[in-house]
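Could you walk me through this model, one region at a time? I would like to know what to look at and where to find it.

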Amino acid sequence: MARKDVASMLAAALFIGAFAAVPTSVQSIGVCYGVIGNNLPSRSDVVQLYRSKGINGMRIYFADGQALSAVRNSGIGLILDIGNDQLANIAASTSNAASWVQNNVRPYYPAVNIKYIAAGNEVQGGATQSILPAMRNLNAALSAAGLGAIKVSTSIRFDEVANSFPPSAGVFKNAYMTDVARLLASTGAPLLANVYPYFAYRDNPGSISLNYATFQPGTTVRDQNNGLTYTSLFDAMVDAVYAALEKAGAPAVKVVVSESGWPSAGGFAASAGNARTYNQGLINHVGGGTPKKREALETYIFAMFNENQKTGDATERSFGLFNPDKSPAYNIQF
């Protein structure tokens, strides 16, 4: 998870208005399982914790054989990242992609319910040129192995979307994303998007209210282009991604929110209370979709654990729903 530069999101457009009640469902929620810590539970204990809490979706950030073995026959649906360190290699040839699939997918599927393979997470700079060939090679390798039911995508930072207010103005800022979107449309795969209202609020608290950022009453925003109204920043951000997909010629591509969360310590507005409010609101909200797409929105909370070896801002080590001893960081109901 990298810093999201979304400080200008909705800065000029917020106003107070009526609050619309949000529908509730927990069927669309998974949790990201990061392992950048030296005090985390065993993989098998982690899977048991997921099952005991009724969490039926997981994301892992590389082909972790121990985690894949632990999740076997658990019924948990999985986003499997290739790892950014593998992106160039898989993009280089179909044979490299085939080897990766043979080593990291075939031994586990279908006992491990791999739903999506992410060809890169928040890839930046020149490495973005590897995303499209890596996706194509993985699609070919999966098809050749008889595993074409597994969908290949990539996971983007929200700031891949420019002009994000109003949401209907959203457009991809980089040309390669048009080709990615059209490939997704051709394969029926979703776009994976990391969506963090926390960073938008943190960087512009004078224009974005805490309530609007955390699914609480008090703010309504109207998109003057289509008349849709928004009572949560999360919905506005997701619908900006949908608008960008439409402009890229891929209106049928769905969005899966591959990361979203709020830190409980380490920085501005990072508290257990705000984290609980946001994440519980997210769980209760996504079953009803967004104003633009009133259908369940598959969403993965970042993250399962506080990870004590993550680098960067102090908040990066405090996104967990659970402490390393498996005790809750704060109370959440799934």
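Predicted model: local features only at pLDDT ≥ 70, side-chain atom pairs only at ≥ 80, totals over all residues.

Let's begin with the aromatic rings. The structure holds 14 aromatic pairs. One of them joins Tyr198 and Phe199, whose ring centres are 5.3 Å apart with planes at 70°, so this pair is edge-to-face. Tyr198 has a relative accessible area of 0%, so it is buried, and Phe199, also at 0%, counts as buried. Tyr198 forms a further edge-to-face pair with Phe319, with 6.4 Å from centre to centre and 85° between the planes. That pair links distant parts of the chain, since Tyr198 sits in helix 7 (residues 197-203) and Phe319 in the segment after strand 13 (299-301), 121 residues apart. Both Tyr198 and Phe319 are buried. If you step back, you will find these rings in a cluster linked by ring pairs, including Tyr61, Tyr196, Trp262, Tyr278 and Phe302.

Phe234 also belongs to that cluster. For a look at a helix, turn to helix 9, which covers residues 233-247. Its 15 residues reach 21 Å from the first C-alpha to the last, close to the 21 Å expected at 1.5 Å a residue. Of those 15 residues, 13 are buried, so helix 9 is largely enclosed by the rest of the structure. Just after the helix comes Gly249, with a positive phi of about 80°.

Is Gln280 buried or exposed? Its relative accessible area is 9%, and the cut-off for buried is under 20%, so Gln280 is buried. Leaving aside residues up to four places away in sequence, Gln280 touches Asn331, Ile332 and Gln333.

For a contrast, visit Asn73 in the loop between helix 2 (65-70) and strand 4 (77-81). Asn73 is exposed, with a relative accessible area of 59%. Asn73 and Val112 are 39 residues apart in sequence, yet their C-alpha atoms are 6.1 Å apart in space.

Now for the backbone. The peptide bond between Tyr109 and Pro110 is cis, with omega about 10°, and Pro110 lies in the loop between helix 4 (94-104) and strand 5 (113-121). A cis bond also runs from Phe165 to Pro166, where omega is near -10°. Pro166 is in the loop between strand 7 (161-162) and strand 8 (171-172).

Glu122 has a positive phi of about 50° and belongs to the loop between strand 5 and helix 5 (131-144). With a relative accessible area of 7%, Glu122 is buried.

Glu122 also leads us to our last stop, because it is among the residues that line the largest cavity. How many cavities of 30 Å³ or more does the structure hold? There is one, and the volume of the largest cavity is about 40 Å³. Its lining also includes Gln124, Ile131, Arg157 and Tyr176. Strand 6 (residues 151-157) supplies the largest share of that lining, with four residues.

Definitions and conventions:
Residues numbered from 1 in each chain as written. Heavy atoms only, no water. 1 Å grid on protein atoms, 1.4 Å probe; cavity = no way out; pocket = protein on both sides within 12 Å on 5 of 7 lines; lining within 4 Å. Points joined across faces, edges and corners; volume = space filled by probe spheres on them. Helix = DSSP H or I, 4+ residues; strand = E, 2+ residues; numbered from the N terminus. Buried < 20%, exposed > 50% of the residue type's maximum accessible area, 1.4 Å probe, protein only. Contact = heavy atoms within 4.5 Å. Expected span 1.5 Å × (residues − 1). Phe/Tyr/Trp six-rings, centres within 6.5 Å; stacked < 30°, edge-to-face > 60°.
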